[in-house]
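Good morning, colleagues. Please look at the sequence and the structure as they come up, and I shall then go through a few selected sites.

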Amino acid sequence: MHSVTVDLEAASTMQLVNALSAIATELATREAPESAAACLELTEALAAASDLQESVLAGFIGRVDAAGEQARWGYPSTRAWLRSRLGMRESRAKERLTLARQRHRVPQVSVRLASGDLSFGYATTITDAVARLDDHDCAEAEEILLGFVDQGFSAGKVAAFGHRIRDVIAERDGTEDAPDEDSKRGYARSWLTTTRSLDGGRYVKGWLNPEDAAIWDGTLAPLAKPAGPDDRRDVAERTAAALSSVLSGGHKASKVTVICDLETLAGGNAPARLTDGTPIPAAQARRIALAAGVSPLLLGRGNTPLYLGYRERFASAAQRQVLETLYPSCVVRGCEIPGTLCEVDHVRGWALGSPTDIDQLALTCGWHNRFKHASPDQIQIGKDPDGRYVYRLLPPRDAVVPRAAGPPPGIDWAA
């Protein structure tokens, strides 16, 4: 057990964080009290303290995001850093990043969160609702939603109001929300709905079943790759451009890779799978094969040229098909960009003499491909137990890696 005494005015921010970490570590080792009433009271107190910490985190994350510091550590976006480095799920990373980016636009929310007068749940609900409003409408929405909070509505109710406010104020059309298509149709049939906005654009919402999703990926993924090293569009923007190209007729053909046993094609029951691991029922796999034809995927020498040596710099279509089978996502540990949207990377660098052979290639997203060549000392190359390559990110050489500091003035770390 440790004794911690903190002089709040004398301690630095890092020292306060270290003191808080020590307290949290000690608290995590203790058993919950036997009294349920005491646990209820402690839960409310601890949750309130956690909400105050979220206010601090929003400030830290906002500074990292504004400066682009995460890029020096090998992460293409702040959200990717939160997911990979801090282990957050996508929803939590999104709400924390939204709060960090929107807090300056909702001053009342920021003040009340920092003072303990507003919970983190309410704060993120409001910032998510105002994220795509202009500053004038943002101020109006903040006041309205805080009014609902003060009236005692739950965070879920405020979220519903927020969604309605976003539609009404942002689009100015006064339409009701579309029905919940997921629950209305289930997941067997694909569906799409579109809503025109006042500026002539469209919001698109929908669901594709696995078979249609495979066609979507096979058609759009090749068109959604970065156009070159100067292409700064994110995946969502490139996907929209790819869809536009398909709708205008500027594409060639779809390519869907379904991995299955020969027995499955012959009538067996063993399920197939897509390159991203999505299972495909045997009957559905056979239906895709009948509609699209079958091409053999050979994982070695033979009829498919998988070993091109030093004569060819660029991977063949057959090699890419194999790589998409081996790597469902970017080879960088923690990166979630699908392999179908990645670029083929020479693991040891083609300019350094690495041959264009299947066992010397991997898939990296466009951002990490450029990062690997610009900062090779920050990529550690290894292999997993199955023999597939794994790239791990290393801190930049000049980075100060946070670690426990010595005792600040006024803090007694007596054991």
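Let me begin with a definition: a residue counts as buried when its relative accessible area is under 20%, and as exposed when that value is over 50%, with partly exposed in between. Please also keep in mind that this is a predicted model.

With that term in hand, consider strand β7, residues 361-364. Both of its faces are covered. L361 and L363 lie on one side, A362 and T364 on the other, and all four are buried. Strand β6, residues 343-346, runs antiparallel to β7, and 4 bridges join the two. Within this pairing, D345 has A362 of β7 as its bridge partner.

Now to the chain as a whole. The protein chain contains 16 helices and 9 strands. It has 415 residues, of which 35% count as buried. Among contacts with a separation of 6 or more, 55% are between residues 24 or more positions apart. The accessible surface comes to about 24400 Å², and carbon and sulfur atoms contribute 55% of that area.

On that surface, which residues make a nonpolar patch of about 300 Å²? They are V17, V56, L57 and F60. Helix α2, residues 36-67, gives the most to this patch, with 3 residues. F60 is found in helix α2. Its relative accessible area is 39%, so F60 is classed as partly exposed.

Helix α15 spans residues 317-326. The side chain of E324 is joined to that of R320 by a polar contact of 2.7 Å.

The other residue is R105, which sits in the loop between α5 (90-102) and α6 (107-115). R105 has a relative accessible area of 15%, and therefore it is buried. What does R105 touch, leaving aside residues up to four places away in sequence? The list is V130, A131, L133, D134, D135, C138 and E142. One of these, L133, places its backbone oxygen 2.5 Å from a polar atom of the R105 side chain. The R105 side chain also makes a polar contact of 2.6 Å with the side chain of Q102. Finally, R105 and T127 are 22 residues apart in sequence, and their C-alpha atoms are 8.6 Å apart in space.

Thank you for your attention.

Definitions and conventions. Residues numbered from 1 in each chain as written. Predicted model: local features only at pLDDT ≥ 70, side-chain atom pairs only at ≥ 80, totals over all residues. Heavy atoms only, no water. Buried < 20%, exposed > 50% of the residue type's maximum accessible area, 1.4 Å probe, protein only. Contact = heavy atoms within 4.5 Å. Areas by Shrake-Rupley, 256 points an atom, 1.4 Å probe, with all protein chains shown as cover. Patch = residues over 30% accessible without salt bridge, like charges linked within 9 Å, V, L, I, M, F, W, Y side chains within 5 Å. Salt bridge = Lys/Arg side-chain N within 4 Å of Asp/Glu carboxyl O. Polar contact = N/O pair within 3.5 Å; in protein donor to acceptor, adjacent residues only side chain to side chain. Pairing = 2+ DSSP bridges.
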